[in-house]
Amino acid sequence: MVTPDIKNKQLIRNGGLVNGEWITTGTPFEVTDPATGKVIATLPDHDISVCEDAIDAAHAAFKTYKKTTPRQRATWLRNLFNLMIENQEDLAKIISWENGKTYTEALGELKYGASYFEWYAEEAPRAYGATIQPGNPTSRVFTIKQPVGVCGIITPWNFPSAMITRKAGAALAAGCTIVVKPDSQTPLSALALAYLAEEAGFPKGVFNIVLSHTKTPEFGLKLCESSKVKKISFTGSTNVGKILMKQSASTLKKLSFELGGNAPIIVFDDADIDNAVTQTIASKFRGLGQTCVCANRIYVHKNVLEEFEKKITAEVNKFKVGHGLDPESTHGCLINENSLKKVEDHVADALDKGAKALIPGGRRTDLGPTFYSPTLLTNVTQDMKVASEETFGPLGALIPFESTEQVVEWANDSSVGLASYIFTKDVSKLYAVAEALEAGMVSCNVGVFTDCSLPFGGVKESGFGREGSLYGIDDYMVIKAVNIGGVQSL
């Protein structure tokens with residue numbers, strides 16, 4: 001068993017946080033290292049009453065927290081950023097340990113996640129209103145932005161730290177209080193963040209975390225139906241997003257959803273092929289393909305397909321799959337058995353329909369229960385599962401195309417639209433295709449683009465709302481218009 005050396009033992013918590021108290025009551029459930037299947041922590045499966053208490057605590061704390069100055073909130077956010085950076089090695093080890101990604105990737109996630117606290121420390125004092133002259137010459141209108149209220153934050157396992165910071169940074173900057181429900185497969189990073197939020201100075205009841213292993217649907221329902229919760233922010237599957245949206249209808253909550261993706265990469269024949277290969281690998285195989293913006297469909301112009309195949313095959317063959325905490329590993333493991341089965345299903349479907357394996361890949365039972373060496377396929381077609389379903393695993397699917405019109409049509413032939421990628425030296429083509437693609441984000445000539453300054457989010461069934469950037473805080477605020485009548489001109 002690989003066990004990380006955590007220097008700051010306080011980061012490992014044994015319960016959820018509600019109103020400044022660590023709640024350890026509940027039926028125990030086990031958190032395991034996905035690479036080995038070994039138990040790494042035992043935590044309480046909270047009763048639904050704990051979720052109710054957290055909502056009540058956040059609601060009570062909001063009454064005073066919303067009155068704090070933006071500069072004070074900025075100070076607490078800056079403190080939290082500094083604490084994350086001070087503890088970055090320990091926090092990255094925790095991410096790798098519970099998620100399975102390599103330590104290098106985990107450290108990258110940690111720094112990326114922390115940047116949202118720094119960004120929103122700077123944005124908190126800049127939630128400006130406006131003055132407006134209405135039709136009545138004796139009236140004046142001005143607007144103010146105010147925090148929406150208690151926010152329920154529900155996050156997945158693939159970025160156990162950054163998925164929380166992207167949401168919490170904006171919420172806390174706006175003046176909202178939060179109840180966080182992390183995935184039970186990866187709760188340790190969330191609990192470490194809650195501990196650091198206390199250390200940063202946030203008042204009791206502002207940052208609450210509840211744990212659920214067997215009652216996740218009930219916790220989601222409680223957050224959605226509570227009249228005290230004014231917003232839900234969720235990252236996860238489209239199907240669950242639709243359920244949460246229905247459940248929130250009774251209270252007409254404000255919602256922001258970052259849901260499923262099926263990202264296309266388009267490599268035109270005038271692209272820098274070496275760069276396209278490098279960036280495609282960075283996009284496709286980051287987290288072993290377990291990211292919502294990773295390339296799922298790799299469209300390569302037939303004129304450069306052979307060159308692209310040779311170069312990407314050579315690079316993927318250099319991967320060293322192993323435990324995430326092994327410094328020699330370039331790629332870790334998948335999160336669970338179901339993830340492996342989905343990859344295998346997509347590979348089998350493609351091969352049955354005529355795809356060719358450049359790299360067969362497959363399970364690595366010699367390494368552990370959830371290891372899978374990447375598979376690389378070519379001659380993939382639009383009728384295969386991998387073209388219409390998000391694999392969320394280490395399957396690279398190369399699809400040849402001939403014309404720009406054809407590939408844009410194929411790329412848009414999806415119910416979701418989160419991220420897309422284009423590789424070309426032709427600026428005119430770049431602009432035209434970027435505008436034509438039905439996606440919330442289009443990255444040109446680079447495979448890893450996420451940054452706290454970028455508005456992150458999708459269109460179609462990939463959800464709505466934006467995280468990060470100057471727009472991100474708006475999803476946690478409401479605009480109030482104030483009309484003043486009887487103003488006499490001098």
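This is a predicted model: local features need pLDDT of at least 70, side-chain atom pairs count only at pLDDT 80 or more; totals for chains, interfaces and linings use all residues.
Figure 1. Strands β5 and β6 pair in the antiparallel sense, over 2 bridges. The sheet is open, has 3 strands and runs in the order β5-β6-β24, with antiparallel pairing. Strands β5 (131-132) and β24 are its edges; each has a single partner strand, so one side of each lacks a neighbour in the sheet. Strands of a sheet pair through backbone hydrogen bonds.

Figure 2. Phe142, Ile144 and Ile484 make up a nonpolar surface patch. Together they have about 210 Å² of accessible area. Phe142 belongs to strand β6 (residues 140-147). Phe142 has a relative accessible area of 30%, so it is partly exposed. A positive surface patch brings together Lys63, Lys66, Lys67 and Lys480. Lys480 lies in strand β24 (residues 477-484). Lys480 is partly exposed, at 40% relative accessibility.

**Figure 3. Arg78 and Glu118 join two helices.** The structure holds 22 salt bridges. One of them links the side chains of Arg78 and Glu118, at 3.3 Å from N to O. Arg78 is in helix α2 and Glu118 in helix α4 (residues 103-123), 40 residues apart. Both ends are partly exposed: Arg78 at 28% relative accessibility, Glu118 with a relative accessible area of 26%. Helix α2 (residues 70-86) also holds Leu83. Leu83 is buried, at 16% relative accessibility. The C-alpha atoms of Leu83 and Glu405 are separated by 50 Å, and the two residues are 322 residues apart along the chain.

Figure 4. The closest N and O atoms of Arg166 and Glu467 are 2.8 Å apart. Arg166 is in helix α5 (residues 162-174) and Glu467 in the loop between β23 (463-464) and β24, so the pair ties together parts that are 301 residues apart in sequence. Arg166 is buried, with a relative accessible area of 3%. Glu467 is buried too, at 7% relative accessibility.

**Figure 5. Glu402 and Lys302 meet between two loops.** Their side chains form a salt bridge of 3.8 Å, N to O. Glu402 is in the loop between β18 (395-401) and α13 (404-412); Lys302 is in the loop between β13 (295-301) and α10 (305-316), 100 residues apart. Glu402 is exposed, with a relative accessible area of 53%. Lys302 is partly exposed, with a relative accessible area of 46%.

Conventions:
Residues are numbered from 1 along each chain as its sequence is written. Side-chain values use heavy atoms; hydrogens and water are left out. Patches are made of residues with over 30% relative accessible area and no salt bridge: like charges are joined within 9 Å, nonpolar side chains (Val, Leu, Ile, Met, Phe, Trp, Tyr) within 5 Å. Accessible areas come from the Shrake-Rupley method with a 1.4 Å probe; for residues, only the protein chains shown count as cover. A salt bridge is a side-chain nitrogen of Lys or Arg within 4 Å of a carboxyl oxygen of Asp or Glu. Lys and Arg count as positive and Asp and Glu as negative; His and the chain ends are not counted. The place of a charge is taken as NZ of Lys, CZ of Arg, CG of Asp or CD of Glu. Helices (H or I, at least four residues) and strands (E, at least two) are DSSP runs, numbered from the N terminus. Buried means under 20% relative accessible area, exposed over 50%, partly exposed in between (1.4 Å probe, protein chains only). Two strands pair if DSSP finds at least two bridges between them.
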